[in-house]
Amino acid sequence: MKTPGNDSSMLTAIVPDENYHRLLISCQAACPVHTDARGYVRAIAKGRFEEAYLIARGPNPFASICGRICGAPCEVACRRGKIPRTDADGLFEGWDRPIAIRALKRFACEAAGVEANGATRAWEQVSNYIPKIAADAEELATILRGSVDGSFVRANAEPIAIIGSGPAGLSAAHDLVLMGFRPVVFEVEANPAGMLMYGVPEYRLPRDLILQEVKVIQALGVEIRCGMRVGIHVKFSELRKDYAAVIIAVGAKRSRSLAIPGESGPHVYGGVDFLRSVFAGESLSLGGDVVVIGGGNVAYDVARTVVRQAAYDTARTAARLPGTRRVRLVSLETLEEMPADTVEIREGDEEGVERVGGYGPVQIIRDASGKLTGIEFKKCLRVYDEQRKFSPVFDENKRETLSCDTVLIAAGQTPDLSFLEDGGTDVKQFRPGWPQVDQQTLATTARGVFVAGDLAHGTRLMIDAIASGKKAARSVYEFLTGRKLEAARTTSFLTIRPYIRERGYEQIRRQEVPTLDSADRLKDPSAQVEQGFNRERAMKEASRCLDCGVTPVFDGNRCVLCGGCVDVCPTLCLKIVPLLQIQVSAGGPSQTGQPPSSSPLYKGGELLETDSSAILKDEDRCIRCALCVMRCPVDAIEMERVVFQTEWTTE
């Protein structure tokens, strides 16, 4: 029997298993909380805005906030970005762009979410649309309670202490109260929401929107105690004694030191500390020539906030500063490698932030009186090694000195776990500030003590923090009740007749999210840069979605291999090939392994000796246009929708 070898003419085919279609919906698979982005995007395309909001809000307590600041891993995975575009002559001109999923989430939330009746919503955005639910916190809380009724055995109102009210801590509290616990959140600041409130600039995230999201969590029954510093106002040992379990979700809120000469002294500030001071209205002495060190989103938040403060101060005090304040952002990475989001970099450029890439700090220079006069850098030749691990290499002989009078350091953050000194010495740390964590349960080495957020996985996206908070809540449930929570998944296949798509959807280009003019942004530090989609633009952008939950299904018993489907396919995603040219893998789009025993290509573990042919389909190219269905002369092809439903249940 002939078996597949290493012949370059061999083609690899994947025989779908039970996970194939889940992975095919790549946006949902990429989301840490598995939000059905496809679902709410297609609902928007159909004008069903309330349905879109409920889909987006279901697994995510901070859907409205994510609609504005999420790093959007769903967009990175979006299959629309893998579709080739051609010019009028049919020649390749590049790849299409992903669906603007984050902006569409914001639209759905503005239409029917917590801000639908709040100050953050511009009513002209969704003209003549009134949500059926009033987006009231109490009403939404009732809907959320009803969504989990009967899914699992509720807890017995055991009290749970959560340290930190950021997205991880509040997500844990949100799920715990729905599970039947009585969570109490301890927050050191005067306001809830942690770094959402104190670290994200207001030009990106309105403060009243944050409070609206928190209000829903409180309406569910979560108690938040602000102004409570664990270790001072309440001991960690007391929390362990008075509460059935403790979740530590303090985040990495301390700016990391560079440990370079001259760093200790006036006019050197941590970037996170600076952002917190701006929100709190505390005055920091900033000069007229500011250097921000860092290349991530926090560094850009810092730099763009400095630009705004300068413009605002000048407008209020008639040239209080000696000329325009200069802001330079210096990073190890060049433009191509910078970890900051592209939109942050572009908007920073528009607002006057100067970029200096490829340099690392050596020392902060001060004169004899201690006054800061500049900072010395050395050339960075490489930031990452061959395995993409952070391993910078410098040219020690190539140095540059930038004159400046203020330095803001935004090159990473660290957590503060000093409160563990009283009652938490059994929480082992693999390095100061970072506890040892079981990645499956998020449990520490101390019984009944769990972590969430940055402490669980390092500094990542907000949506990762939300996912870890929900994961910690499930672990607490299993720890205290002894019952295992299982994700009960059901899959169904529904034939779609008739299958109709928006006219010309495959040719629509990505709709750019409207933004405030760069000059107008600096008139008010809280002016929202991103303006969001209106109804028309949102529905047009949503119509670009390929709806990856729908796929053409071929009936091999009817197919006569006429090739009509191949001929009519506009993206050349179908191919008829001899069976013996196929090398088979099992599983989803990115999995490999042995084909299942039910594979039609194998019998007894060996490839069938046959002259038959097979139709191969390239999922990355398929745009779900259904032309193959219309062309088939024997009705061997139908469009089917795969529907997933996941519920957490107890054994």
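In this predicted model, the count of salt bridges comes to 47. One of them joins Arg42 to Asp547, where the closest N and O atoms lie 3.8 Å apart. The pairing ties together distant parts of the chain, since Arg42 and Asp547 are separated by 505 residues. Arg42 belongs to helix α3, which covers residues 37–45, whereas Asp547 sits in the loop between α19 (535–542) and β22 (550–554).

Glu238, Asp242, Glu421 and Asp422 together make a negative surface patch. Of these residues, Asp242 has its place in helix α12, spanning residues 236–242.

Turning to the sheets, an open one is built from 5 strands with parallel pairing, and its order reads β9-β16-β10-β11-β12. The edge positions are taken by β9 (268–270) and β12 (354–357); each has a single partner strand, so one side of each is left without a neighbour in the sheet. From one strand to the next, the twist averages 20°. At the β12 end of the order, strand β11 (residues 326–331) runs parallel to β12, and 4 bridges join the two. Within this pair, Ser331 is placed opposite Gly357 of β12.

A further open sheet contains 3 strands, arranged as β13-β14-β15, and here the pairing is antiparallel. Its edges are β13 (359–366) and β15 (390–403); because each has a single partner strand, one side of each lacks a neighbour in the sheet. Neighbouring strands are turned against each other by 25° on average, with direction ignored. The antiparallel contact between β13 and strand β14 (residues 372–384) extends over 7 bridges, and Pro361 stands opposite Phe377 in β14.

Most residues other than glycine have a negative phi, and most peptide bonds are trans. Arg388 has a positive phi of about 65° although it is not a glycine. Arg388 lies in the loop between β14 and β15, which are both strands of the antiparallel sheet. The other detail concerns a peptide bond: the one from Arg497 to Pro498 is cis, with omega near -5°. Pro498 is found in the loop that runs between β21 (485–495) and α18 (518–521).

How values were computed. Residues numbered from 1 in each chain as written. Predicted model: local features only at pLDDT ≥ 70, side-chain atom pairs only at ≥ 80, totals over all residues. Heavy atoms only, no water. Patch = residues over 30% accessible without salt bridge, like charges linked within 9 Å, V, L, I, M, F, W, Y side chains within 5 Å. Areas by Shrake-Rupley, 256 points an atom, 1.4 Å probe, with all protein chains shown as cover. Salt bridge = Lys/Arg side-chain N within 4 Å of Asp/Glu carboxyl O. Lys, Arg positive; Asp, Glu negative; His and termini not counted. Charge placed at Lys NZ, Arg CZ, Asp CG, Glu CD. Pairing = 2+ DSSP bridges. Axes fitted to C-alpha atoms, helices over the stretch in contact; angles between N-to-C directions.
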